[in-house]
Amino acid sequence: MSNAKIWFNGEFRKSEECTVHIYSHALHYGSSVFEGIRAYETPGGTAIFRGMDHLRRLKYSAEVYRIPLRYSVEELHEACRETVKANGLASAYIRPLVMRGNCGLGVIPKDMNIVDVAVMVSPWGAYLGEDGLKNGIKACITSWTRLAPNTMPPGVKAGGNYLSSQLIGLEARERGFEEGIGLGSDGLLSEGAGENIFLVSKGHLLTPPASASILGGITRDTVMTLAAELGLQTTEITIAREQMYGADEIFMTGTAAEVTPVKQVDHMIIGNGGCGPVTKKLQDAFFGLFDGKTEDKWGWLEPV
């Protein structure tokens, strides 16, 4: 959005006015943390989906990397609401970003308190395509593994972590697939380039645990909660590569990906080669939160 209004360090600015210094620590060393949040148009008006949960994770991510966050979660939530309204969007993708500024060169910041905070919004449809959302995508297991334990914290949503995601996603696209899948350093399933993964086997959901070098997604948690409401059991368990090939259904979840079926992994067609019945049931429950067909029992919809 060329004429977007961006909340930058506590005030609205035009996008071209939101400049950062070439010496910004985040540019040189990846010291930024961020969130991806969606606002949906609902029968009751525009609502942010689980914004407070996302922003609590943003605060946690900043704390892990010792980045001082001078705004409270509540202040950032208000900034998100106001930015959506200021840009006149009925639905939006919201990107809060916390980044170290011009601290001078050096891996360890010379001034820990130089930090910029921004909230951006933009229209954003289906991340992996409308057809992919409906009929499924093709994914492949790439040669790149996810972060090994005790190297960098994969449970933190930091800018630097997404270099791994870029390698996984780029390799997949170079090979003709829509998305890539990363295994952990132990050779077991971890996650997609930017999504959590679920397998459906004999009517049960299987998904890698937090210890599998995943980002514990908020959409992942949402789907597990909705599955329980539908009487579906979810087991967090380590998953071998070949189990994906034999799954009845596979789907990916994420704020951007929402609930996207996977119709093929590598050379193997999964299930019916499209969106399976369990995945469709969970999709309907998820999107039903925004058209009023699924009751929001959990207070996930936060009016703008």
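Modeller: Let's start with the terms for the fold: helices (H or I, at least four residues) and strands (E, at least two) are DSSP runs, numbered from the N terminus. By that count the protein chain has eight helices and 17 strands. This is a predicted model, where local features need pLDDT of at least 70, side-chain atom pairs count only at pLDDT 80 or more, and totals for chains, interfaces and linings use all residues. Residues are numbered from 1 along each chain as its sequence is written, and side-chain values use heavy atoms, with hydrogens and water left out.

Biologist: What makes the radius of gyration of the protein chain agree with a compact globule?

Modeller: The radius is taken over C-alpha atoms, and the globule rule is 2.2 Å times the number of residues to the power 0.38. For 304 residues the rule gives a value near 19 Å, and the protein chain has 19 Å, so the two agree. The C-alpha trace spans about 55 × 45 × 30 Å along its principal axes.

Biologist: Why is Asn 196 called buried?

Modeller: Buried means under 20% relative accessible area, exposed over 50%, and partly exposed in between (1.4 Å probe, protein chains only). Asn 196 comes in at 5%, so it counts as buried. Buried residues make up 53% of the 304 residues in the protein chain.

Biologist: Where is Asn 196 found, and what joins its side chain to Glu 191?

Modeller: Asn 196 is in strand S11 (residues 196–201). Its side chain and that of Glu 191 are joined by a polar contact of 3.4 Å. A polar contact is a pair of N or O atoms within 3.5 Å; within protein, one must be able to donate a hydrogen and the other to accept it, and residues adjacent in sequence count only if both atoms are side-chain atoms. The Asn 196 side chain also has a polar atom 2.9 Å from the backbone oxygen of Leu 215.

Biologist: Why does Ser 31 count as buried?

Modeller: Its relative accessibility is 12%, so Ser 31 gets the buried label. Ser 31 sits in the loop between H1 and strand S3 (32–34), and its side chain reaches the backbone nitrogen of Ala 26 at 3.4 Å. Contact means heavy atoms within 4.5 Å; leaving aside neighbours within four places in sequence, Ser 31 is in contact with residues including Ile 67, Val 98 and Met 99.

Biologist: How do you know that Glu 82 forms a salt bridge with Lys 85?

Modeller: A salt bridge is a side-chain nitrogen of Lys or Arg within 4 Å of a carboxyl oxygen of Asp or Glu. The closest N and O atoms of Glu 82 and Lys 85 are 3.2 Å apart. They are three residues apart in helix H3 (residues 73–86), so about one helical turn separates them. Glu 82, at 26%, is partly exposed, and so is Lys 85, at 43%.

Biologist: How many salt bridges does a search of the whole structure find?

Modeller: The search finds 16. One of the pairs is Arg 13 with Glu 11, at 3.1 Å between the closest N and O atoms. Arg 50, Asp 53, Arg 56 and Asp 221 are linked in a network of salt bridges.

Biologist: Is Glu 171 buried or exposed?

Modeller: Glu 171 is buried, with a relative accessible area of 14%. Arg 175, its salt-bridge partner, is partly exposed at 42%.
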